[in-house]
Amino acid sequence: MIDNASIESLKNSIDIVDVIGNFIELRKAGANYKANCPFHGEKTPSFVVSPSKQIYHCFGCGVGGDSIKFVMELEKLSYPEAIEKLASMHNFALTYTQGSSDYSDAKRVLEQIQKWYAQNLDATPNALAYLQSRGVSRSSIERFGIGYVPQGGRVMEFLHASLLPLPKALDAGIIAQGERGEFYARLVERVTFPIFSSSGSVVGFGGRTLGNHPAKYINSPQTKLFNKSRLLYGYHLAKESIYKNRRLIVCEGYLDVVMFHQAGFNEAVATLGTALTTEHLPLLRKGDPKIILAYDGDKAGIAAALKASQMLSVAGFDGGVVLFPDGQDPADLIAQGESSSVAKLLRESKPLIPFVLEQISSHYNLHDPRDKESAFGEMKQFLGGLSQIIKESYTPIAATLLGVAPALFGASVTPTQTQERFGEQRDDIAQLSILKTLQERPTLIPTVLEVVEVGMFGRYAPLFEALLNHQHTHPHLMGLSVDESLQVMSEEELHTTLRNFLIKHYDTKLKQIVTDTTLPFSQKSFMIRKIKSDIIPRLKKGELIAIGKERR
Ligand code: ZN
């Protein structure tokens with residue numbers, strides 16, 4: 001079991017914006033952060049993260065909670081699993097009351113196997129020769145922990161000899177299980193590139209074959225520790241330079257990353273055998289760098305660069321594209337001692353948006369009016385995804401490329417969508433503001449309860465009750481606490497709001513009494529007189545009156 005004290009100190013050391021920002025892209029909105037909710041499909045963000053409250057809440061589907069709850073729900077993990085995941089993401093060492101856990105066991109397997117892979121390299125001349133032929137230096141081998149995995153039998157022997165339990169090695173993605181239940185090594189006879197989490201712990205491996213295996217590169221499978229679609233190879237080594245130089249270079253292969261670093265471009269990273277997708281955006285956004293896409297100049301490389309540029313520009317990133325000429329990858333150029341020409345290519349990268357526009361126009365025969373129309377449609381759609389100012393700045397380039405008037409692209413402004421709160425139940429700001437104030441300043445609760453009753457709050461009565469019962473995880477209470485449009489009032493403001501609320505309340509009540517046929521006449525006339533000539537005038541004069549005064 002995980003020691004409670006260590007759970008507490010983990011909770012204290014993590015920040016919810018950081019935690020959630022690792023999974024989805026958050027945008028600053030006032031004191032809070034906003035995103036499209038990962039728990040229900042939506043196009044306008046109603047998912048709010050509050051750094052001051054350390055909670056999240058979705059105004060659309062009502063989910064909410066703290067960092068741990070988020071990880072549990074999103075990754076479908078149990079409470080202890082979520083704690084361990086958070087600890088591993090933040091390089092935090094949990095203490096256990098007895099025994100250990102699946103996570104720390106899998107981590108231990110990965111760390112030991114990595115050491116062993118690295119040791120094997122020196123005993124494998126053809127692996128060393130391969131790296132040498134690609135120009136990889138000794139210090140790069142050490143910096144990136146490059147290793148070698150021999151035949152499968154040797155892997156199994158190593159696991160047995162090191163007393164590493166096979167089910168844990170299975171969890172770590174090192175071995176797989178066949179149909180008859182037998183275990184076998186996943187990576188064999190390959191040069192290994194350990195893949196680290198952004199905080200620097202080994203989570204998986206990429207392996208390059210030295211034989212003529214049809215798959216040149218393969219990666220560890222997806223495990224609880226290893227999520228390929230969110231990680232970037234080399235990020236833990238590049239992080240510091242990315243923050244310092246406000247630049248991030250995305251390349252296509254592991255070897256490209258190694259060679260970029262070897263040539264002093266320490267901001268280089270690569271995706272793990274996948275295209276760059278929106279899942280990478282949270283990591284890319286850290287440190288607010290310019291993103292340089294350094295891809296091969298072949299057909300596949302250009303297509304990948306186009307897709308990535310479109311996604312990055314729509315997501316509001318600044319950056320550019322470098323395509324390496326003549327089918328040469330950056331690793332080759334650097335290995336040939338052409339570091340200065342690489343530096344020049346990086347400096348002269350084509351900015352993202354013009355790159356996209358030029359690529360679109362190059363796909364069409366612009367002498368053919370119908371083709372031109374298609375190109376126009378594609379450009380208009382792309383520009384339409386950008387912010388208004390960016391769109392306007394690049395429209396002349398698009399118009400020039402097509403040879404049309406810029407006015408053709410129009411200036412269609414999409415109306416800003418106003419956010420819905422509490423569904424449609426949001427017509428009385430006063431009641432919600434009172435509740436919000438009580439939530440933030442609970443010492444005022446007794447004063448308020450003297451003059452109002454929970455029932456007076458109509459549809460918000462359950463919310464009021466939840467507040468009085470300290471139900472902090474009540475979804476609407478959480479919504480209330482992160483709703484920035486509601487002000488926490490001073491005591492004086494609270495008094496005024498309460499008086500206005502009461503005046504409105506007694507006005508409505510008066511109308512009800514008049515039409516009420518169940519009340520005896522004498523009581524009816526007493527209540528009408530009391531409200532009309534006593535309560536309302538006193539409220540209007542500035543007095544707060546305790547409830548129940550209109551009754552006898
Ligand atoms: Zn939602």
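## The sheet

Strand β14 (residues 290-296) runs parallel to strand β15 (residues 319-324), the two pairing over 6 bridges. Within that pair, A294 sits opposite V322 of β15. Helices and strands here are DSSP runs numbered from the N terminus (H or I with at least four residues for helices, E with at least two for strands), and two strands pair if DSSP finds at least two bridges between them. Keep in mind that this is a predicted model: local features need pLDDT of at least 70, side-chain atom pairs count only at pLDDT 80 or more, and totals for chains, interfaces and linings use all residues. Residues are numbered from 1 along each chain as its sequence is written, and side-chain values use heavy atoms, with hydrogens and water left out.

Zooming out, 5 strands make an open sheet with mixed pairing, in the order β13-β12-β14-β15-β16. The edges belong to β13 (268-270) and β16 (350-351); each has a single partner strand, so one side of each has no neighbour in the sheet.

## Helices on the sheet

Helix α11 (residues 254-262) lies across β12 (247-251), β13, β14 and β15, and runs at about 175° to β13. Helix α15 (residues 339-347) packs on the sheet too, touching β12, β14 and β15, with its direction at about 140° to that of β15. Contact means heavy atoms within 4.5 Å; axes are lines fitted to C-alpha atoms, for helices over the stretch in contact, and angles run from 0 to 180 degrees between N-to-C directions.

## Two helix pairs

The axes of α17 (residues 369-384) and α18 (residues 388-402) come within 11 Å and cross at roughly 170°, so α17 and α18 are roughly antiparallel (over 145 degrees). Residues in this contact include F376 and M379 of α17 and Y394 and L401 of α18.

Now for α3 (residues 67-75) and α4 (residues 79-89): they pack at about 105°, with axes 9 Å apart. That makes α3 and α4 roughly perpendicular (65 to 115 degrees) to each other. Among the residues in contact are I68 and V71 of α3 and I83 and L86 of α4.

## Domains 1 and 5

The domain assignment, automatic or from a database, lists domain 1 (4-89), domain 2 (102-226), domain 3 (238-349), domain 4 (363-425) and domain 5 (429-551). The C-alpha centres of domains 1 and 5 are 34 Å apart, and their contact takes 14 residues from domain 1 and 8 residues from domain 5.

Domain 1 and domain 5 bury about 810 Å² between them, 63% of it on carbon and sulfur atoms. Buried area is the accessible area (1.4 Å probe) that two parts lose on being put together, summed over both.

How values were computed:
Parallel < 35°, antiparallel > 145°, perpendicular 65-115°, else oblique.
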